[in-house]
Amino acid sequence: MSKKMVLVDTSKCTGCKACTVACKEWNELPAEKTQLLTSYQTMKEFTPKTWTYTTFTEKYEYPKMNWYIRKAQCFHCAEPACLKSCSSNAISKTDSGYVVIEQELCIGCGYCVDNCPFGVPKLDNSRKKAYKCTGCIDRVENNLTPACVQTCQPGCLEYGERETLLPQAKKRLSEVQKTHPKARIYGETEMGGTTFVYLLLDAPEVYGLPINPTTPLSLTIWKDIVRPVGGIAVGGAAAAVFVGVFGNVLRGAYREQAQEEKDAQKGGKR
Amino acid sequence: MTNSWSDLQNSEVFLIAGSNCAENHPIAMRWIHRAMEKGAKMIVVDPRFTRTASKADVFAQIRPGTDIAYLGAIIRYIIEEKLYDEDYIRNNTNSLHKLNKAYKFEEGVFSGFDPKTRKYSTGSWSYQLGADNLPLKANSLDDPDCVLSKLKEHYSRYTFETAEKITGIPAAKIKEIADTFCKARPGSILYALGMTQHTTGVQGIRTYAIIQLLLGNIGKAGGGINALRGEPNVQGSTDMANLFNNLPGYLPHPISTDKTLQDYLVRNGSVQEKPIVALLKAWFGENATKENDYCFNYIPKNNPATNAPMTKIFEFMEAGQFKLLFNFGSNSLVSIANRQLVRSALRKLDMMVVADLFEVETAQFWREPGVNPAEIQTEVIMFPAAFVYEKAGSLTNSARWIQWKDAAIKPLGEAKPDLDIVDELFKKIRELYKGSSEEKDAPILKARWDYGHDGEASALKVLQELSGYDETTGKLLPTLGDYLKAPVGSVSTGCWIYAGVTGNGNLAARRNNADPSGLGIYKDWTFAWPANIRILYNRASCDKQGQPLDPKRKLVWWDADKKVWAGNDGADVIDKAKGPDTPEGMQSFRMNPEGVGRLFTASFTSGLPTTPPPNGQPVMGVRPAGLCVDGPLPEFYEPTESPTVNLLHPNVSESPIAIVPSAFPEIQKRGRPEDYPYVLTTYALVEHFCAGGITRNIPWLNELMPEPFAEISKNLAQKIGAKEGDKVEVSSARGKVTVRCLVTDRLQTYKTNGKDTETIGMPWSWGFASLSPGPSTNDLTIASIDPGAGTPETKVCLVNIRRA
């Protein structure tokens, strides 16, 4: 299948939250008990049972009021940190641009949860499995639009071929910039390019998104350099021990660093 | 709507005021966005910065209930700067009609006000008439007697600066709204309950009508006055006369002094003969004959002195007038302003029959916390009702599209469609009256009633009855035109505006989405009343020669070769064969007795004889004009509970004829600004629907919006020492509720007559029942009502607030 894209044009999103209901209905996910957190928002992060939700950011720039409303879901990165970090090959990527967790292979180690710069996958502690938005790959591969796109009321979400939709998004951006000069595209190159591409009306940190999302450096070192090298340089069991110890040290150190990186990148409370 | 949802894509500018369509009519945004992609601008005027406002180009925060103040300023601006479409107002409105010299507006009241009865007599709101009983017309728009001059004089008081003091919207912003809206044509005005739920609701909509007529936006693609109806089939409901003073098709309801059909026609004009006889034939069939006045006396007559919109019904109920209430799909215990009256009144019933999907609050009113069931004698019977997907029938949307749907699945258990419930009930009732020869029982026994077999009534048969039959042949009437041509008494229709919907098959079931004109007309998708005309008054989109004024928005035109009005839409003309230079072909507003749009709603009857009728017969005209009981021109009045005094006429601060129910002063209290200094406005949210009777029983929706709240400005939060998430107690003279506090910049402090004013916003969709119970905001609201439409003033009252 050719490379797909979903455009999330926040200049049109009215925060109706129908996308959340469609996702839950299609994926047979139960409702959660919630409280209002801030503005009209009831979810502060993803959960194993909530794979998409809406964030509401109020920004008053006298005399203009701005209400930035954004649908959050998995970005489906071209270079996904979750896939890289997975210790059981449970996460795979399709040519069409979808990153999918195969629950049967998932051992619930939680590495994907720790490494995603967007905080997407979440561990269900009782089942010891990680869950996230599937991109409705089951619908997409049967020539249907994703459930959220299908239901979007104001026409904020659009699904199609990346090679047509991305230029279309840029054209739309130049229109939007006439009234919102700080508007930009987010997801064109981030994480190698993401299937869910945003037209944001302001900087990513205003929406609680990382300015420059990356796969944590330590994970790259671990998976791309140390593990392969470690396997070759020292033979057999010794290699395994060396790699294991070194890897753990790195991972331990990484944990704190990653948290700091996350805090720095997310820029401000949401 | 004069236009439609899909027509919104044709607009150049939107004024969305009195509507939060992004939340309450989400699909509207899809069409609005198409227009905006082509460069259209959106203006939102609302007491709060809503989800709709988040997409607006221009936003203004307004003090609830003061819309007429800034709209009047826009009218003044249009007239003084000559921004009106001069050809349009000359040809299509009563701008040049000369008014009775006795007409006046002074000291806050119009001529004809009787302070004792608190009613207007409308004799002076009339035209100067010629010998032919037709209105005299001025030669110039500057003639001091003409309607336009009277408008100019009336709104000269509405300067931008005065409007700022009243509404809290800066004068420069009001001017920006005026410039943005007036200079882009066509412009569309969208409104909903934010405009109608006021004691001056009707007059608020009248200002929209005046603005759109002046700008020439009526009858044009992308223009119009578009009411966004509050429930999916409320348009269908009002078409079927769920308003107390109507019969189906908006026929006037007979009143107690209409002893005969003739009396009814003398009062309402001969134009009503055809539809009321057709209605009586539909209801009484062969039993309705010319000799018995078509069973006219079988229809109960209203007593205008005791006409009752919803709030007044509960006053009568509280006084013990009713023994039995049928409560179908209604949750008044949550939705009615000053709901304490409902709570008290329901116990006065001997019996209540509820039909609903869930045991909504009203269905179990005795279980409300604090209520002692042992004190209540009412017997409550609950019919489980089928849901929308479980029953066939038609649903008429805001755009007047009659949309047929089949049942997708069978109802669960014993649940039945309302039609089946009513059908079975009526048949059993008729059985009980069998054999009676009493005159009062005749309507029950002689009614034509044939919708199918027991327990499975056919909604299609109902729609066919509405569409109409040729009573001489028993065949369905093909079109509205056939109904109009037929002799009186030879046809039947249950609702004449629906004539033709099942004339050639069930046209309401059509789903052909071809749109050859690209204007979103969709002529072959369902069936719009009347006669599948999608954009009302569309003759006004043409010039005097009957050719479209706007090459990009061609709706209808006179085809000189075929000698007929043709077009992309059905032509809204009296006779399709009468050309643009004929008296019929000139009229764009054929339902008005003057044949033109009415800037000033004058008292006038067309077709009055110039010589007295023979044999002492009463005078009967053809069509009397529709009148507004509270004035021929909109005037700004303060809401019943207001933080301030009317700047324009402090001695007549509120509307002198607003209805403020006060039969039960212990329940129906009024608050003063000294005790309740803040303004409350109430509204719905996208996540829930109306009183929440259904939606608060859906866990996915409760997850999205789990609780009610009070939105307040940062200043007000600081003043009361509350932060986001704290509990606050909001109180009015009538009651108090404790909810979560939501602190936001979407509400700003504003100035009213120089004084700082705060608005508090609260959604009203919660009650004590369901999976997600919560306090009901209508404990706070006031039940004063618009004297014309009966809409309650739920949108504005006075409250106080403190940390709980």
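A residue is buried if 20 or more other C-beta atoms lie within 10 Å of its own, exposed if 12 or fewer, and partly exposed in between, with C-beta atoms placed from the backbone. This is a predicted model, in which local features need pLDDT of at least 70, side-chain atom pairs count only at pLDDT 80 or more, and totals for chains, interfaces and linings use all residues. Residues are numbered from 1 along each chain as its sequence is written, while chains are lettered from A and ligands numbered from 1 in the order in which they are written.

**Exercise 1. Classify S770(B) and describe its backbone.**

Step 1. Count neighbours: S770(B) has 22 C-beta neighbours inside 10 Å, so it counts as buried.
Step 2. Locate S770(B): it lies in the loop between strand 33 (759-763) and strand 34 (797-803) of chain B. Helices (H or I, at least four residues) and strands (E, at least two) are DSSP runs, numbered from the N terminus.
Step 3. Check phi: S770(B) is not a glycine, yet its phi is positive, about 85 degrees. Most residues other than glycine have a negative phi, and most peptide bonds are trans.

**Exercise 2. Find where D202(A) sits and what it touches.**

Step 1. D202(A) is in the loop between strand 10 (196-200) and helix 7 (217-233) of chain A.
Step 2. It has 18 other C-beta atoms within 10 Å, so it is partly exposed.
Step 3. Set aside its neighbours within four places in sequence: D202(A) is then in contact with Y68(A) and K182(A). Contact means that the C-beta atoms of two residues, placed from the backbone, lie within 7 Å.

**Exercise 3. How is helix 5 (residues 147-155) of chain B placed: enclosed or open?**

Step 1. Seven of the nine residues of helix 5 are buried, so the helix is largely enclosed by the rest of the structure.
Step 2. Among the buried residues are V147(B), L151(B) and Y155(B).
Step 3. The buried residues pack against helix 3 (67-80) and strand 4 (105-106) of chain B.

**Exercise 4. Work out how strands 23 and 24 of chain B are joined.**

Step 1. Strand 23 (residues 556-559) and strand 24 (residues 564-567) pair in the antiparallel sense over four bridges. Strands pair if DSSP finds at least two bridges between them.
Step 2. V556(B) stands opposite G567(B) in strand 24.
Step 3. The two strands form a hairpin with four residues between them. In the turn, K563(B) has a positive phi of about 55 degrees.

**Exercise 5. Count the residues where chains A and B meet.**

Step 1. Chain B puts 28 residues in contact with 24 residues of chain A.
Step 2. Elements of chain B that give two or more residues to this side include helix 2 (26-37) and strand 30 (736-744).
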